[in-house]
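Subject: Structure for your review

Dear colleague,

Please find the structure below, handed over for your use.

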Amino acid sequence: MNVAFPTIDTELYDILNAVSDPEIPVLSIVQMGVVRAARIGENGVEVTITPTYSGCPAMDVIGDDVRKALKDAGYESKVKLVLSPAWTTDWITADGREALEKYGIAAPLSPEADKEALLGNKRIVKCPQCKSTNTKLVSQFGSTACKALFQCEDCLEPFDYFKCLK
Amino acid sequence: MSNQLVQYICGIADNSLILGQRLGELCGHGPSLETDIALTNISLDLFGQVRSYFQYAAELAGENTSEDTLAFLRKEQEYKNVLLVEQPNTDFAFVIARQFLFDVYHQLFLEKLQTSTDQTLSAIAKKSLKEVTYHVRFTSDWVIRLGDGTEESHSRMSTAIEDLWIFTEELFLSTELEKEMSNSSVGVDVSLLRDVYFNRVHSVLNEATISIPDVKYFQKGGKLGNHSEHMGYLLAEMQYMQRTFPNMSW
């Protein structure tokens, strides 16, 4: 089984895809890769979610939001949190990456490029506003655990870069 | 066996809990907005990892144990963190040096814990390792920046490394419990991490133009619950709410 692809029952897909990430509201928890499985069973729905970072404070809220969304659609549900396999930025879907960029957050680079970018060795992170790569790292840690802070030297806009986690 | 495993898990978690608390004290007091956010982000990662460990330990312990009772209601001697992580914040160089000396160990430790025969511990290790890799990168970078920086920053980083060096060897002294856990392939044989650790630390310090301290005597005791004089004050603050308002919840 390819762990990159979650197993979500078709009937549940749209319901879960409408639940947004509380800290990045333009992204759904499905696009984010946080929902690993959702199955309709005899005793209601069982949803498996995984945290992006161990200390992610959004997990409790996501659990509540999932239960509420499913309840509104007529399903009783249980939400289970799993750590393994550990979440990676590769699980952010293609349309999720696009949504990030539109929102003003630079999407994660490959692991090697990410390292070069975060050590300030190479200017490769693209400004989500003006698309310039003339950007500089301001801080390896940004507004949330999953992001680093950059600034564009051309349009001077500060922006978040979603760090690669692999 | 189960009780031993609970003790072992708590010992691992205590390092991150106490260090996370120290970093949390800096919230709003960092030298710049970016470093403030970075240090508290690292603290958040550590607390997140601690929750995973304690939730698992509480599940094994059963009865009235919860992640909160483990974090907030034990007595000083029941915490088994190393002395390094409880040392109080002084200046920024010291905070970075303490974090760096722990991060390098933490990364090596988690790399080994990934192969634990205990599946939950292995899963927590795999998850945490990704986060800790960022911590090592951040603190190594700062050790070099300060060490190879101005005269003032160099002297502060040198002093910090010198002051903290006596706490490094404790990381690699196995307690009886650690030996048993590594013999049964659940735990990590920390004594085997020592050479790689000093190798990595030395290489960063060399780049930072900081000389390796010449120390013959090392402090130990935290792993057995014998803490430095700073621990009681830390716990007094950390446990205040739970002790003053028993069973409180948000």
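This is a predicted model: local features need pLDDT of at least 70, side-chain atom pairs count only at pLDDT 80 or more; totals for chains, interfaces and linings use all residues.

Chain A

The secondary structure of chain A consists of 4 helices and 8 strands. Followed along the sequence, these elements give the pattern β-α-β-β-α-β-α-β-α-β-β-β. Chain A has a radius of gyration of 17 Å, close to the 15 Å that the globule rule gives for 166 residues, so chain A is as compact as a globular protein of that length. Along the principal axes, its C-alpha atoms fill a box of roughly 55 × 25 × 25 Å. Buried residues account for 43% of the 166 residues of chain A. Of the contacts in chain A between residues at least 6 apart in sequence, 52% join residues at least 24 apart.

The strands of chain A include an open sheet of 4 strands in the order β1-β2-β3-β4, with mixed pairing. Its edge strands are β1 (7-8) and β4 (77-81) of chain A, each of which pairs on one side only. Within this sheet, β2 (residues 35-41) of chain A and β3 (residues 44-49) of chain A run antiparallel and are joined by 6 bridges. Val35(A), for example, stands opposite Ile49(A) in β3(A).

A further open sheet of 4 strands in chain A has the order β5-β8-β7-β6, again with mixed pairing. Here β5 (105-106) and β6 (135-139) of chain A stand at the edges with a single partner strand each, so one side of each is left without a neighbour in the sheet.

On one hand, β8(A) runs parallel to β5(A), and 2 bridges join them. On the other, β8(A) runs antiparallel to β7 (residues 147-152) of chain A, and 5 bridges join that pair. Which residues stand opposite Asp160(A) in these pairings? Ile105(A) stands opposite Asp160(A), and Leu149(A) has Asp160(A) as its bridge partner in β8(A). β8(A) is mostly covered, with 4 of its 5 residues buried. The hairpin of β7(A) and β8(A) has 5 residues between the strands, and in it Leu156(A) takes a positive phi near 65 degrees.

Chain B

Chain B contains 10 helices and 0 strands. From the N terminus on, its elements accordingly read α-α-α-α-α-α-α-α-α-α. The radius of gyration of chain B is 18 Å, close to the 18 Å given by the globule rule for 250 residues, so chain B is as compact as a globular protein of that length. Taken along the principal axes, the C-alpha atoms of chain B fill a box of roughly 55 × 40 × 30 Å. Of the 250 residues in chain B, 45% are buried. Contacts between residues at least 24 apart make up 73% of those in chain B that join residues at least 6 apart in sequence.

Helix α1 (residues 2-24) of chain B has 23 residues, which at 1.5 Å a residue should span 33 Å; its end C-alpha atoms are 32 Å apart, which agrees.

Ala58(B) lies in helix α2 of chain B. Is Ala58(B) buried or exposed? Ala58(B) has 21 C-beta neighbours inside 10 Å and therefore counts as buried, the cut-off being 20 or more. Leaving aside residues up to four places away in sequence, Ala58(B) touches Thr65(B), Ser66(B), Glu67(B) and Leu70(B). By contrast, the C-alpha atoms of Ala58(B) and Glu151(B) are separated by 49 Å, the two residues being 93 apart along the chain.

Contact between the chains

How many residues of chain B are in contact with chain A? There are 21 such residues in chain B, and they are in contact with 16 residues of chain A. On the chain B side, the elements that give two or more residues are α2 (33-61) and α6 (119-147) of chain B. The largest share, 11 residues, comes from α6(B). By class, this side of chain B has 8 nonpolar, 5 polar and 8 charged residues.

With kind regards

Terms used
Residues are numbered from 1 along each chain as its sequence is written. Chains are lettered from A and ligands numbered from 1 in the order in which they are written. The radius of gyration is taken over C-alpha atoms; the globule rule is 2.2 Å times the number of residues to the power 0.38. A residue is buried if 20 or more other C-beta atoms lie within 10 Å of its own, exposed if 12 or fewer, and partly exposed in between; C-beta atoms are placed from the backbone. Two residues are in contact if their C-beta atoms, placed from the backbone, lie within 7 Å. Ala, Val, Leu, Ile, Met, Phe, Trp, Tyr, Cys and Pro count as nonpolar, Asp, Glu, Lys and Arg as charged, and the others, Gly among them, as polar. The expected span of a helix is 1.5 Å times one less than its number of residues. Two strands pair if DSSP finds at least two bridges between them.
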